[in-house]
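I opened the model to look up confidence, cores, a sheet and the chain contact. My notes follow in that order.

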Amino acid sequence: MRKKNKYFWGIAILFLFIGLSPTARAEEPAVLLTNGADISWVLVSAALVFLMTPGLAFFYGGLVRKKNMLSILMQCFILICMITLQWVLFGYSLSFGPDIRGFIGNFSWAGLQGVTLDPFAAYSATIPHQLFMIYQAMFAIITPGLILGAFAERMKFSAFCFFSILWATFVYDPVCHWIWGAGGFLRNMGVLDFAGGIVVHINAGIAALVCALVLGKRKGYPNHMSPPHNLPFAVLGAGLLWFGWFGFNGGSALGANRLAVSAMVVSHIAGAAAGLTWALLEWKFNAKPTMLGMITGAVAGLATITPAAGFVGPIDAIWIGALASLVCFFCVAVIKTKFNYDDSLDAFGVHGVGGILGTLATGLWATKAVNPAGNNGLFYGNPELFLIQLKAVVITIVYSLVVSWVLLKLVDAVIGLRVSEDEERIGLDLTQHRESGYTMLD
Amino acid sequence: MRYIVAIIQPDRLDEVLRILEEKEIHLVTVSNVLGRGRQKGISEVYRGHKENGRLLKKIKLEIAVNEEFVKPTVDAIIQGARTNHIGDGKIFVLDLKECFRIRTGETGKTAIG
């Protein structure tokens, strides 16, 4: 009996010691000093990037039919909840934790173990590690959000939840580690992806294309589709996305510094150039410039400048923006029609194509004059960078394509991906959520 | 003169309008309506409170035609709206007493076309 008691106290003291140890560590003088200005800017940036997911919800929501409005909002908001927990419990550890063969992080930071309020030098020397973690969480949330544009109006809610969690774990986390994680093999190869052209846009865009192909077309597509139910909502959403993008790209400098300014300036310029270009293209080819066309162009431009933001100069950003609209316009208007797949809200056509274009453009226009820690691109005398960028693009496309396909097939086999024909006709709001976005009677 | 009222599934509207057009029936009024038939609606739930409206969205077509166009119109609606599922809708044909065209003051058969 006495012996047992001793045993108990031994364990209790051990737990007390473990429990107290982080506090004890925090009281020691930190090796790295945090910087108040940097912390402020990254805190604000995290909030800005967070707002992009509700923004995306309204951007996409305005484009679907009335009967599916809530399903889009719901999918975006449930991602905020699910991916945040996934990120905290193990996603952050897989993405940024101690490296396993350049491919993925290990589980040692699971549950944010060791992710403290001190800086972690390999990622951000002047802000607390937890701030870097929560800033990155916002990227992990919006990336599967981008994909849902491809299967809008026809995917079962349960299947969506399973697919998103699996995709975040098996596609987003590894690809994020390759590019941004310490020890990631593409990072070591010298790939430049400032704010997520590869990690976010190519990754999600390719998964979106796979989703559109695996789920098949919506009933009545393409000849009997209603127009977007609320374009003002789509414009509101695009405005929030543009606003949030300043945190997405500007915040990726991870500090309140010259690089953040440069990234924000070129992002804004590219978005403006792309919105204008798209409007002009429509004026020329479709009789009139449209509101939807203009915001699509702006989003394409912002997606395209994302990987290049911290590496290119302001005038080159105009070229990148204009090019983004030219290529994405061609993809959405010509290629999609020709190959007749139903990428409902152009998640691939805008984000996938924009991401690929931007990553390659970084290999052309990057210059050390903007960011000494970056590299020179082809137009600044270094053709090697372009090849590295191209290699990263191809590797990511192949990986995202194959793994997304496998995950979709898996979810399809277990619970089925698509709603029934009747449910699709009645709408996802009523059949998946038992709610209506709008009342018809007072 | 007859007044044809049809209640159909919203997603069949395009097809019905196309076939009507083919048969040269151009004049039609369309409205959003809520309704329920034998299939019953789906009840909505808000914060746990169940709404018992149980109504589904439908489309109402109203078409005024002269006698010789009654059959083509009804045929067109049936052809376009039938999916063989419960809830495909109904067509009602009513007698129409009079019709005036506001712009010209014409009445009766000539005013309809």
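I checked confidence first, since this is a predicted model. Chain A averages a pLDDT of 92, and 93% of the residues score at least 70. I then looked at residues 14-30 of chain A, where the pLDDT is below 50. Beyond near neighbours in sequence, that stretch has 4 contacts in the model. Where pLDDT is low, predicted coordinates should not be read in detail.

Next, the cores. I found 139 residues in the largest nonpolar core. A:Tyr60, A:Ala208, A:Ala270, A:Ala308 and A:Ile320 have the most contacts inside it. Another core lies apart from it, with 13 residues, including B:Ala6 and B:Val16. Leaving aside neighbours within four places in sequence, A:Tyr60 is in contact with A:Ile72, A:Leu148, A:Gly149, A:Ala152 and A:Leu345.

Then the sheet in chain B. I read 4 strands in an open sheet, ordered β2-β5-β1-β6, with antiparallel pairing. The edge strands are β2 (29-35) and β6 (89-95) of chain B. From one strand to the next the twist averages 20°. I counted 7 bridges between β1 (residues 2-8) of chain B and β6(B). B:Arg2 stands opposite B:Asp95 in β6(B). Helix α2 (residues 70-81) of chain B packs on the sheet and touches β1, β5 (56-65) and β6 of chain B. The direction of helix α2 of chain B makes about 5° with that of β1(B).

Last, the contact between chains. I noted 12 residues from chain A and 12 residues from chain B. On the side of chain A that touches chain B, α14 (421-426) and α15 (428-433) of chain A each give two or more residues. The largest share, 3 residues, comes from α14(A). By class, this side of chain A has 4 nonpolar, 4 polar and 4 charged residues.

Technical notes: Residues numbered from 1 in each chain as written. Chains lettered and ligands numbered in written order. Predicted model: local features only at pLDDT ≥ 70, side-chain atom pairs only at ≥ 80, totals over all residues. Contact = placed C-beta atoms within 7 Å. Nonpolar A, V, L, I, M, F, W, Y, C, P; charged D, E, K, R; others polar. pLDDT = per-residue confidence, 0-100. Core = buried A, V, L, I, M, F, W, Y, C linked by C-beta atoms within 7 Å. Buried ≥ 20, exposed ≤ 12 C-beta atoms within 10 Å, placed from the backbone. Pairing = 2+ DSSP bridges. Axes fitted to C-alpha atoms, helices over the stretch in contact; angles between N-to-C directions.
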